[in-house]
Amino acid sequence: MSDLSQIVKAYDVRGTVPDQWDERAAEALGAAFTQLLNSTDEPGDAVVVGYDMRATSPGLAAAFAAGVRAEGRSVIEIGLASTDLLYFASGSLDLPGAMFTASHNPAQYNGIKMCRSGARPIGQESGLAEIRERAQALLDSGEARPAGEPTRPAERRDLLPDYAGYLRKLVDLSGIRPLKVVVDAGNGMGGFTVPTVLGDAALSPLPLEIVPLYFELDGSFPNHEANPLDPANLVDLQRAVVEHGADIGLAFDGDADRCFVVDERGEPVSPSAITALVAARELAKHPGSTVIHGLITSSAVAEIIREHGGQPVVARVGHSFIKAEMARTNAVFGGEHSAHYYFRDFWFADTGMLAAMHTLAALGEQSLPLSVLAGEYERYIASGEINSTVTDQAAAVAEVRAAYPDAVADEMDGLTLRFPDGAWFNLRASNTEPLLRLNVEAPSRDRMVSLRDDVLDRVRR
């Protein structure tokens with residue numbers, strides 16, 4: 001019997017298959033999802049379902065669809081998809097959707113990202129907890145669904161060309177200078193979407209020479225994990241950029257909703273710099289707009305937003321918080337340190353592909369190399385995220401707070417302390433593990449290292 005409390009997380013469903021969940025649980029979740037939609041008069045009479053390249057994804061998606069159809073809604077099956085392709089389907093068709101993926105997690109995992117019509121997110125406080133309760137009740141009763149066999153039809157649609165065409169209208173790359181671009185898809189869904197969006201698989205050719213790395217769809221991830229946030233998984237891309245004399249390198253995670261950037265020297269460009277770069281471009285089109293940035297993006301992000309006439313608004317870490325703030329403020333753009341990028345023109349949803357296209361456009365519209373261009377948005381030295389295993393997290397955070405009585409404290413998400421010289425750090429607990437996550441930034445490397453080491457010493461002792 002599946003215990004759904006183990007796999008229904010804050011923002012999505014995530015767990016190992018088949019020991020934590022299976023197709024029967026997926027069917028119950030599909031039925032419960034549809035019951036929620038029906039009880040809240042969600043518009044439309046269909047649900048869009050897509051899935052990634054994992055071996056278990058097609059079966060789980062089909063079972064979920066059966067639960068949806070048994071509860072009285074039809075299903076539009078878009079088949080293989082990136083998560084942002086599913087968001088495109090939900091937004092453009094104005095229908096709720098479900099994407100089967102475990103993103104960057106190892107091969108034995110799978111999950112579901114669910115949304116309401118218009119790609120509006122579903123999290124614990126916006127319906128996910130109720131879906132879990134309804135699905136658990138079905139499983140405990142011995143029924144994956146109460147309504148018998150599916151009563152509504154399923155329809156198959158290929159939305160990849162429409163998705164690619166929509167993105168190309170948002171960012172026109174046809175007139176940029178020729179660029180050589182190495183793309184590491186990590187055997188994930190970037191290998192499915194990049195050839196159509198950036199290559200010439202279906203649309204008119206762009207002035208881009210794409211050098212593909214690991215485009216073969218393989219949910220066992222034979223080359224490296226599809227998690228570019230881990231520097232070890234960028235090594236192949238960095239090497240290839242230098243070997244091919246490329247202008248830029250792009251790395252997508254497993255479901256291709258996040259994109260990481262490497263410059264022509266093979267050096268990573270921070271997501272904060274990409275956030276600032278894209279913000280400047282969006283503010284040029286929409287002067288005076290609000291831009292959301294995550295709590296632990298660089299201080300340079302808010303500075304650059306203001307310098308370009310925008311209104312920076314900080315949000316807690318996590319896509320549900322970012323999306324909620326974007327909708328509340330009608331923000332034109334939002335970015336996080338984790339390389340999630342959100343766009344008003346994309347139903348406030350996150351899309352790594354659109355962020356990549358903005359970066360290509362910025363690079364291709366002038367003659368500077370990416371290292372110089374990105375350097376304009378890098379003003380401080382950051383530590384990156386550092387995890388420490390801590391049993392009593394509250395006590396450790398309290399000790400750290402007491403050590404810096406003169407710093408300005410902010411407890412929006414964990415503990416953020418800011419110092420008069422511009423240095424700051426954020427220390428916050430993991431939602432799922434006994435970890436404290438530390439991010440430090442300072443005007444100089446010496447100051448960053450000193451502050452980082454002092455905080456870590458207090459946390460770890």
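At roughly what angle do the axes of helix 8 and helix 11 cross? In this predicted model, the axes of helix 8 (residues 271–285) and helix 11 (residues 352–364) cross at roughly 80° and come within 10 Å. Helix 8 and helix 11 are therefore roughly perpendicular to each other. On the helix 8 side, the contact is made by Ile-274, Leu-277, Val-278, Arg-281, Glu-282 and Lys-285, and helix 11 brings Ala-355, His-358, Thr-359, Ala-361 and Ala-362. By class, this contact has 6 nonpolar, 2 polar and 3 charged residues.

Now to another pair. The axes of helix 5 (residues 160–170) and helix 6 (residues 190–197) come within 9 Å, with a crossing of roughly 60°, which makes helix 5 oblique to helix 6. Their crossing is right-handed. Here Leu-160, Tyr-163, Ala-164, Leu-167 and Arg-168 of helix 5 meet Phe-192, Thr-193, Thr-196 and Val-197 of helix 6. This contact has 6 nonpolar, 2 polar and 1 charged residues.

The two pairs sit side by side here:

| Helix pair | Axes come within | Crossing angle |
|---|---|---|
| Helix 5 and helix 6 | 9 Å | roughly 60° |
| Helix 8 and helix 11 | 10 Å | roughly 80° |

Of its 33 lining residues, Ser-270, Pro-271, Ala-382, Ser-383 and Gly-384 lie nearest the centre. The lining divides into 17 nonpolar, 9 polar and 7 charged residues.

Conventions:
Residues numbered from 1 in each chain as written. Predicted model: local features only at pLDDT ≥ 70, side-chain atom pairs only at ≥ 80, totals over all residues. Heavy atoms only, no water. Axes fitted to C-alpha atoms, helices over the stretch in contact; angles between N-to-C directions. Helix = DSSP H or I, 4+ residues; strand = E, 2+ residues; numbered from the N terminus. Parallel < 35°, antiparallel > 145°, perpendicular 65-115°, else oblique. Left-handed = near helix turned anticlockwise from the far one by under 90°. Contact = heavy atoms within 4.5 Å. Nonpolar A, V, L, I, M, F, W, Y, C, P; charged D, E, K, R; others polar. 1 Å grid on protein atoms, 1.4 Å probe; cavity = no way out; pocket = protein on both sides within 12 Å on 5 of 7 lines; lining within 4 Å.
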